[in-house]
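Please keep the sequence and the 3D view open while reading.

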Amino acid sequence: YYNTKEESVTSPNVYEPNVASVLKDTGKATDMMIYNEQIFIADGQDGDIKVYDSNANFLKRITIKENGVEGKHANISGIFVAKYNNEEYLLVADKDGFKILLCNLEGEVIKSFLRPDSELMPSGVDFMPTKVMMDKDGVIYALSDGMYTGAAMFSFEGEFIGFYGANKVEITASLLLDMFWKSLLNKAQKEHMSRYVPVEYSNFDIDEQGFIYTVTSQGTGSGTRLVEQVKKMNAKSINIIESKSYGDIEYSYDYQKLIDTAFIDIAVIDGAFLALDKTRGHIFLYDDDCNLLCIFSGLGNKLGLFKNPIAIDTIGDEIYVVDGDTNQIVKFTLTEYGSNLLSATRYYQNGEGEKAKELWQNILRVNSGFAVANTRMGQIQFDEGDYESALESFKKSEDRENYSLVFDLVRKNTINK
């Protein structure tokens, strides 16, 4: 994780790699979805879906059938499995087919979603869905390559509803400079300059309450640090978590191009979320308040490292990551320290300060400089009325805001006496 000086520091392992398994019978893994503890793998080479158990043992092959005819759908880029009205459905993003397929779990196509005939659709842009998802109300969301207007939304019946959660154009020094020059140029000269469009999402996930988490992958080569690479949006497409820069704080340049975090997938667990970085293969664990709890994994050949991480999902607190180059799935399990960390986080979020306090104390015994733990201890001590201890904890975490609030309260109490 990073300390308060934004320096990377080592900590006890939160997760450790348990096993790496080759996805037998899969030609080219392009996406993953875990449903009812079964692992669904999109096979972009064979044009079908392979299903495995939680130990990566092959269970079955789902071939997509349209009007009873089996067919391969090359370059399947996204899949999603969900239940709606007590029926289970498989959604397939058929990028090369320019459509979304709604299927049953036997692969029989129930409905196809093509490019909407709507004025809301950007002109000159093909509908090439890369990722797809469905909420508990049967609303289908699709990310499309080159579409910067957010996720396309469809009703279960196939009606195009509109777009969800469009990103904003990033205001950078380069953009402002170009805007200045454009104000001085004629129309023909302007046509040769760069056009600025919002950053498109690379992936998304949905939690049990219906909040949609999104990630963007545009980081490398952008020339500036991005913010809001991670969002948690409500039904009105409003981001309800902190607007900040996520991912690696330390970064570097390669031939004057910024080598920065490029998120490729996100997975939500109880009280936290995991974001997968394609650039360095890092997995970032954040709590619901967007505090960074740990960073682990990377690129390489050893167990727990990847060549080309493409997807992340979970079964409970166990993490599964698919490597698109090696066709392997890597399973990560919690350490004792990691179990304490997640349990302390959840107890605190649920208002069970007494249970959380004991676990945070255990965490600080082995990782005394962990700012999140010290801040949480300070907040619990404050709630208990132990202001002196709270001040000490906030001092250790360099939490100036909370320290000032408690200090002012202690000073006022002293004056009133």
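A pocket here is an open set of points on a 1 Å grid over the protein atoms alone, with protein on both sides within 12 Å along at least five of seven lines; lining residues have an atom within 4 Å of a point. The model is predicted: local features need pLDDT of at least 70, side-chain atom pairs count only at pLDDT 80 or more, and totals for chains, interfaces and linings use all residues. Residues are numbered from 1 along each chain as its sequence is written, and side-chain values use heavy atoms, with hydrogens and water left out.

**Second largest pocket**

- This pocket holds about 710 Å³ of space. A volume is the space filled by probe spheres set on the grid points, which are joined across faces, edges and corners.
- Helix H5 (residues 371-383) gives the most to this lining, with four residues. Helices (H or I, at least four residues) and strands (E, at least two) are DSSP runs, numbered from the N terminus.
- The lining splits into ten nonpolar, seven polar and seven charged residues. Ala, Val, Leu, Ile, Met, Phe, Trp, Tyr, Cys and Pro count as nonpolar, Asp, Glu, Lys and Arg as charged, and the others, Gly among them, as polar.

**Largest pocket**

- The largest pocket has a volume of about 1100 Å³.
- It is lined by 44 residues, and Asp205, Ile206, Asp207, Glu208 and Val268 are the closest to its centre.
- Elements giving two or more residues to this lining include E2, strand E16 (201-206), E21 and strand E27 (309-315).
- Its lining has 21 nonpolar, seven polar and 16 charged residues.

- Two cavities of 30 Å³ or more turn up in a search of the whole structure. A cavity is a set of points where a 1.4 Å probe fits but cannot get out.
- The largest cavity has a volume of about 70 Å³. Eleven residues line it, and the closest to its centre are Leu143, Met147, Gly150, Glu200 and Tyr201.
- Six nonpolar, four polar and one charged residues make up that lining.
- Ser144 sits in strand E13 (residues 140-144). Ser144 is buried, with a relative accessible area of 3%. Buried means under 20% relative accessible area, exposed over 50%, partly exposed in between (1.4 Å probe, protein chains only).
- Not counting residues up to four places away in sequence, Ser144 touches Asp126, Phe127, Met128, Pro129, Thr130 and Glu200. Contact means heavy atoms within 4.5 Å.

- Five of the six residues of strand E3 (residues 38-43) are buried.
- Strand E2 (residues 29-35) pairs with E3 in the antiparallel sense over six bridges. Two strands pair if DSSP finds at least two bridges between them.
- E3 also pairs antiparallel with strand E4 (residues 48-52), over five bridges.
- Ile41 in E3 is the bridge partner of Met32, and Ile41 stands opposite Lys50 in E4.
- The E2-E3 hairpin has two residues between its strands, and Asn36 in the turn has a positive phi of about 50°.
- The E3-E4 hairpin has four residues between its strands, and Gly47 in the turn has a positive phi of about 70°.

**Sheet E21-E22-E23-E24**

- This open sheet of four strands has antiparallel pairing in the order E21-E22-E23-E24. Strand E21 (263-269) and strand E24 (292-296) are its edge strands, each pairing on one side only.
- Neighbouring strands here are turned by 20° against each other on average, direction ignored. Axes are lines fitted to C-alpha atoms, for helices over the stretch in contact, and angles run from 0 to 180 degrees between N-to-C directions.
- Strand E23 (residues 283-287) joins E24 through four antiparallel bridges, and Tyr286 stands opposite Leu292 in E24.
- Helix H3 (residues 336-349) lies across E21, strand E22 (272-277), E23 and E24, running at about 30° to E23.

**Strands E17 and E18**

- Strand E17 (residues 212-216) and strand E18 (residues 230-233) run antiparallel, joined by four bridges. Ile212 stands opposite Met233 in E18.
- Val230 and Lys232 point one way from E18, Lys231 and Met233 the other way, and all are buried.
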